[in-house]
Amino acid sequence: MTHDSKTWDVLVLGAGAAGLMAAITAAKRGHSVLVLERANKVGKKILMSGGGRCNFTNMYATAENYLSQNRHFCKSAMSQYTVWDFIDLVNQYDIPYHEKELGQLFCDRSSKDIVNMLLDECADQGVSIRMTCETSTVDFGDVHQVDTNQGSFKARHLIVATGGLSIPKMGGSGFGYQLAEQLSLKVWPKRAGLVPLVFSDQYKLLFASLAGVSVEVTATAGKQSFTHKMLFTHRGLSGPVVLQISSYWDLGDPLTIDLMPHVVVKEVLIRAKKEQANQSLLLWLSGHWPKQLAQAWLAFHYPEWAQMQLQQLSHGDCEQLAQSINQWQLKPAATEGYRTAEVTLGGVDTDALSSKTMAVKSQPNVYFIGEVVDVTGHLGGFNFQWAWSSGFAAGNAIP
Ligand SMILES: Cc1cc2nc3c(=O)[nH]c(=O)nc-3n(C[C@H](O)[C@H](O)[C@H](O)COP(=O)(O)OP(=O)(O)OC[C@H]3O[C@@H](n4cnc5c(N)ncnc54)[C@H](O)[C@@H]3O)c2cc1C
């Protein structure tokens, strides 16, 4: 057990993306900084992110890419530490990276490059890190006392960077929310985001028979739509478009999927009926989709039309087909939950925090940063950018 008599300038709870960035930034300003991490490694989520290649930022990140009760909250931090500031840091370390698509920057080699860069920065700035050190209680004051499984620590400033509930195996914990409640801060209801959707019996068999098939669709929940790849799986639907829309979908809500987002099916079918009268409906569908999807979808929705030629379709049939292709209404049974979710929606109310410094308005020597805050990015590098920006804002604000 440690009975550390030292009073640190800054104590950071959590050595994830946000906590490490805050620690580095505070240390650069000359402060003594200790980071406490309950896992046996730092940055576990960074390591597993982006399929092992860490999609570390997005060149086109704006406030529009974030969900929050206050869509403007993220702007100040993101202007203090921009996407280009993080890219500069990556360039300084000669880490090779590439744009995969849509402004998403990934490491060429491995996510380890990003973790090693952050650890090198910590070492250069004299940041101390204690691993397998789980914080259990905090006594807030002018000097905070933090109790852990490795003893007690004291600090003048406390930065809470304990992340969200997603993937408990990788460190997801509710501790930050608990601390917010201890300070009487509001915590918005939490739920899994960027997560695959699961379906009940009706669709389960169809989706399982298509497991591995991917197709571009537009998915809509409420007023939000995304167009990208959808992947059928044994459990339901996944792929980038489904992860994106999952953050906007609430249990019980319908989901609308346009299975041919670039085709006005009604018009195109009516034309095809005249011009390719003898073509089978199955062949026509196979011209737009992978054949496996065309077969399974037709067998599921219109088994009696399996052998149908286009000329045999009435106008009413074309309308019905168009509706079920361009506006397929589904009711997901649930999400896969925190077990596979990339993020946790909701969290510490932004109204309780300064958007410039991330400090708690009622307790200005405590800061909440990263995923624990009610700011959640879309898929595509936006969540790490929020971690870097909010971490910087807090670290830079410490007087
Ligand atoms: C599979 C997966 C892939 C992802 N891929 C991407 C991607 O490519 N791009 C992107 O932008 N985002 C991605 N994300 C999201 C991104 O990882 C998170 O948004 C980001 O890691 C949040 O950073 P954070 O520092 O706030 O929290 P975390 O990274 O979760 O760090 C919190 C840390 O606090 C520690 N901790 C918790 N409780 C305690 C306690 N009581 N005492 C001490 N330590 C504690 C945890 O062990 C953890 O290390 C992905 C997420 C997952 C799960």
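Author: Happy to! Helix α9 and helix α12 meet in a right-handed crossing; a crossing gets that name if the near helix is turned clockwise from the far one, and is left-handed if the turn is anticlockwise, by less than a right angle. Before going on, note that this is a predicted model, in which local features need pLDDT of at least 70 and side-chain atom pairs count only at pLDDT 80 or more, while totals for chains, interfaces and linings use all residues. Residues are numbered from 1 along each chain as its sequence is written. Helices (H or I, at least four residues) and strands (E, at least two) are DSSP runs, numbered from the N terminus.

In this pair, α9 covers residues 265–275 and α12 covers residues 315–326; their axes cross at roughly 140° and come within 8 Å. Axes are lines fitted to C-alpha atoms, for helices over the stretch in contact, and angles run from 0 to 180 degrees between N-to-C directions. That angle makes α9 oblique to α12, since angles under 35 degrees count as roughly parallel, over 145 as roughly antiparallel, 65 to 115 as roughly perpendicular, and the rest as oblique. From α9, the contact takes Val265, Lys266, Leu269, Ile270 and Lys273, and from α12 it takes His315, Cys318, Glu319, Leu321, Ala322, Ile325 and Asn326. Here contact means that the C-beta atoms of two residues, placed from the backbone, lie within 7 Å. By class, there are seven nonpolar, two polar and three charged residues in the contact of α9 with α12; Ala, Val, Leu, Ile, Met, Phe, Trp, Tyr, Cys and Pro count as nonpolar, Asp, Glu, Lys and Arg as charged, and the others, Gly among them, as polar.

Now for another pair. Helix α1 (residues 17–28) packs on helix α5 (residues 112–124) at an angle of about 30°, with axes 9 Å apart, and α1 and α5 are therefore roughly parallel to each other. Their crossing is left-handed. Leu20, Ala23 and Ile24 in α1 meet Leu118, Glu121 and Cys122 in α5, giving the contact five nonpolar, no polar and one charged residues.

Helix α1 also packs on α13, again at about 30°, with the axes 7 Å apart. This crossing is right-handed. Among the contact residues are Ala22 and Ala26 of α1 and Phe384 and Trp388 of α13; the classes here are twelve nonpolar, six polar and no charged.
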